[in-house]
Amino acid sequence: MNYLVAVLSDRIQAESAYSALEKEDLPMKQVAILGRGYQTADEYGLIDPNEQARKQAKQMVTWLAPFGFAAGVTFSVITGLNTFAWAGEFGNHFIGGILGAISGAMGGTFVGGGVGLIFGGGDAVPYRNRLNAGKYLIVVEGSEALIRLATRTLYQFKPENIQGYTSNN
């Protein structure tokens with residue numbers, strides 16, 4: 001599926017662009033206006049970078065905590081440290097594993113969350129920022145021919161930004 005996103009400065013310009021697309025006989029169910037009084041970014045399904053960061057962090061913790069446990073046990077066995085004399089040999093190795101798992105979980109949380117915040121949103125963050133600044137988005141989805149027609153039509157309104165995307169889904 002192909003997408004076209006145009007950023008327009010105000011509501012009147014967005015409505016005029018929508019009407020122009022309607023006059024070009026575009027299927028209007030494939031055209032959406034995002035902004036105040038219309039769909040929100042969440043209603044349309046624009047990715048929330050914070051949600052992506054949470055998902056990424058959870059995924060990283062799921063993988064790193066068990067590896068951290070194994071690394072903690074391995075370190076304890078190799079070094080033969082007797083840090084917790086009251087716990088005995090097995091207890092020391094088990095506590096080393098628990099501490100390793102905690103370290104893996106912390107690393108997964110910080111690295112996974114940070115990566116999700118930086119890379120998870122893609123272009124969603126700038127578009128959300130523009131919506132928060134009172135701008136409007138016209139989103140058109142469809143075939144390449146439909147996107148080309150919509151691009152020509154929307155250029156008449158001198159959008160602040162116009163960007164095409166191709167989804168592999």
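Which strand holds Val31? Val31 sits in strand S2, residues 31–34. The views below come from a predicted model, in which local features need pLDDT of at least 70, side-chain atom pairs count only at pLDDT 80 or more, and totals for chains, interfaces and linings use all residues. Residues are numbered from 1 along each chain as its sequence is written, and side-chain values use heavy atoms, with hydrogens and water left out.

View A. 4 strands form an open sheet in the order S2-S3-S1-S4, with antiparallel pairing. Strands (E, at least two residues) and helices (H or I, at least four) are DSSP runs, numbered from the N terminus. Two strands pair if DSSP finds at least two bridges between them. S2 and strand S4 (161–166) are the edge strands, each pairing on one side only. Neighbouring strands are turned by 15 degrees against each other on average, direction ignored. S1 and S4 run antiparallel and are joined by 6 bridges. Leu4 has Gly164 as its bridge partner in S4.

**View B. Helices H1 and H6 across the sheet.** H1 lies across S1, S2 and S3, at about 20 degrees to S3. H6 lies across S1, S3 and S4, at about 155 degrees to S3. Axes are lines fitted to C-alpha atoms, for helices over the stretch in contact; angles run from 0 to 180 degrees between N-to-C directions. Contact means heavy atoms within 4.5 Å.

**View C. Val31 and its surroundings.** Val31 is buried, with a relative accessible area of 8%. Buried means under 20% relative accessible area (1.4 Å probe, protein chains only). Not counting residues up to four places away in sequence, Val31 touches Tyr18, Leu21, Leu26, Ile138, Val139 and Val140. Val31 and Ala150 are 119 residues apart in sequence, yet 9.6 Å apart in space, C-alpha to C-alpha.

**View D. Two nonpolar cores.** The largest nonpolar core has 20 residues; Val31, Leu4 and Leu154 are among those with the most contacts inside it. Strand S1 (2–8), helix H1 (11–23), S2, strand S3 (136–142) and helix H6 (144–155) each supply at least two residues of this core. A second, separate core of 9 residues includes Ala32, Leu34, Ala41 and Val139. Such a core is a set of buried Ala, Val, Leu, Ile, Met, Phe, Trp, Tyr and Cys residues joined through side-chain atoms within 4.5 Å.

**View E. Asn92 in helix H4.** Asn92 lies in H4, residues 88–119. Asn92 is buried, at 6% relative accessible area. The Asn92 side chain reaches the backbone nitrogen of Phe84 at 2.8 Å. Beyond neighbours within four places in sequence, Asn92 contacts residues including Ser76, Leu81 and Thr83.

Note on methods:
Buried means under 20% relative accessible area, exposed over 50%, partly exposed in between (1.4 Å probe, protein chains only). A polar contact is a pair of N or O atoms within 3.5 Å; within protein, one must be able to donate a hydrogen and the other to accept it, and residues adjacent in sequence count only if both atoms are side-chain atoms.
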